[in-house]
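Trainee: I have a structure open and would like to talk it through. Can we start with how burial is judged?

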Amino acid sequence: MELKKFFGGIYHGKKVVVTGNTGFKGSWLSFWLTQLGAKVTGIAKDIPTEPSNYKILRLNKMIRQEFLDIRDLDKLSGKIKAIRPDFIFHLAAQAIVSRSYTDPPETFSTNLLGTVNVLECMRRLKKSCVGVIITSDKCYDNQEWDWGYRENDRMGGKDPYSSSKGAAELAFYSYYHSFFKGQSAVRVASARAGNVIGGGDWAVDRIVPDCMRSWSAEEKVRIRNPQATRPWQHVLEPLSGYLLLGMKLAGDPLLNGESFNFGPRPENNFTVFDLISGLSHYWKSGHKNYAITRNGTFHEAGLLKLNCDKSHQLLKWESVLEFQDILKFTAEWYKDFYLTRNSDLNGKTSSQIIEYCKKASDKKLLWTSGK
């Protein structure tokens, strides 16, 4: 399958910056962009985990890499000016809720000031550029509603991580109205997604990496809240939304300054217990190696859903995968790494992107048409 035609071929030959590209979502996005023919530059402070999807995919051989802290405005601005990107996807963040409790200053400075710095670099750029600012579904003031949050609902958050993401959205809103509204050179939009899973995630205090680390060592995984309900989605789902948003924003000035939710269909809301049981089936048939622990020390939301009507209507975006697809994609990627000891995870990752694109093509989604 020729991937370069997707998203209207808009990324082919374009200079694209991905901040936070050494993380889980950033490494998948960078890899997919290379398949789309983009000239990718990654900007990241470091390689945050070991193992690392960035290392496994050998992205250092596929893209240009710059290691710097996005909180250093002068260095960041110098790099952005030198690159002169056509697109910026901003994903760099302190993304772990538990860590936000142990180091709230780092969380706020990275997630808020880092976002301000990226927006400021775009203001100084003096050329046409599209910026997609990725925050989180946790930017909303979660009231444990049974219905999904809309893009115009209140920002907030009881924990430092959620609050920092809400603050980043307010910074985005301010920069748009102060500097980017009513002009054509720089266009920006924000994107919100959460509960993203898939191969290549090794972050701490996340359920799927915890399962894979424990199961690969023949140990029980310990879970805190088995009945917590989450709208699980594979990493390729929100990434298709970010890429589609970048494509549409480049062609439609009316989308400048807008925010969009990207989440799964309501039927993909499952409990942590459902997720673990399903993953264990694809890991090893009948494997149910887990234990419940009640020693959680920080606040966790019981329910948080997104209303994605705006993305459906204005972008014509839809999720592609069924829950069983999500489980299969995720477990089989980790099986190749841990059990098969497959050294070619580029091939596995590429094949999953191709399978995802085929499923999207079967649904005749806008971004697959090549127009």
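Mentor: Buried means under 20% relative accessible area, and exposed means over 50%, with partly exposed in between. Keep in mind that this is a predicted model.

Trainee: Okay. Take Glu-106: buried or exposed?

Mentor: Glu-106 has a relative accessible area of 11%, under the 20% cut-off, so it is buried.

Trainee: Which side chain does Glu-106 meet in a salt bridge?

Mentor: That of Arg-99, at 2.8 Å from N to O. Arg-99 has 39% relative accessibility, so it counts as partly exposed.

Trainee: Let's do another one. What does Arg-154 pair with?

Mentor: Asp-141. Their closest N and O atoms are 3.5 Å apart. Both residues sit in the loop between strand 5 (129-134) and helix 6 (160-180), 13 residues apart.

Trainee: And Arg-154, buried or exposed?

Mentor: Exposed, with a relative accessible area of 65%.

Trainee: Which residue forms a salt bridge with Asp-325?

Mentor: Lys-359, with the closest N and O atoms 3.9 Å apart. This pair links distant parts of the chain.

Trainee: How accessible are Asp-325 and Lys-359?

Mentor: Asp-325 is at 18% relative accessibility, so it counts as buried. Lys-359 is at 25% and counts as partly exposed.

Trainee: How many of its residues are buried?

Mentor: Nine of the twelve, so helix 9 is largely enclosed by the rest of the structure. Among them are Val-272, Leu-275, Ile-276, Tyr-282 and Trp-283.

Trainee: What do the buried residues of helix 9 pack against?

Mentor: Both strands and helices. The strands are strand 7 (196-197), strand 8 (221-223), strand 12 (269-271) and strand 13 (290-292). The helices are helix 7 (207-216) and helix 11 (323-338).

Trainee: New topic. Where does Ser-27 lie?

Mentor: In helix 1, residues 24-35. Ser-27 has 0% relative accessibility, so it counts as buried.

Trainee: What does the side chain of Ser-27 make a polar contact with?

Mentor: The side chain of Asn-53, at 2.8 Å. Leaving out residues up to four places away in sequence, Ser-27 touches Asn-21, Asn-53, Tyr-54, Leu-57 and Leu-59.

Trainee: Last one, Arg-341. Where is its place?

Mentor: In the loop between helix 11 and helix 12. Arg-341 is at 63% relative accessibility, so it counts as exposed.

Trainee: What does Arg-341 touch, not counting residues up to four places away in sequence?

Mentor: Lys-335 and Asp-336.

Technical notes. Residues numbered from 1 in each chain as written. Predicted model: local features only at pLDDT ≥ 70, side-chain atom pairs only at ≥ 80, totals over all residues. Heavy atoms only, no water. Buried < 20%, exposed > 50% of the residue type's maximum accessible area, 1.4 Å probe, protein only. Helix = DSSP H or I, 4+ residues; strand = E, 2+ residues; numbered from the N terminus. Contact = heavy atoms within 4.5 Å. Salt bridge = Lys/Arg side-chain N within 4 Å of Asp/Glu carboxyl O. Polar contact = N/O pair within 3.5 Å; in protein donor to acceptor, adjacent residues only side chain to side chain.
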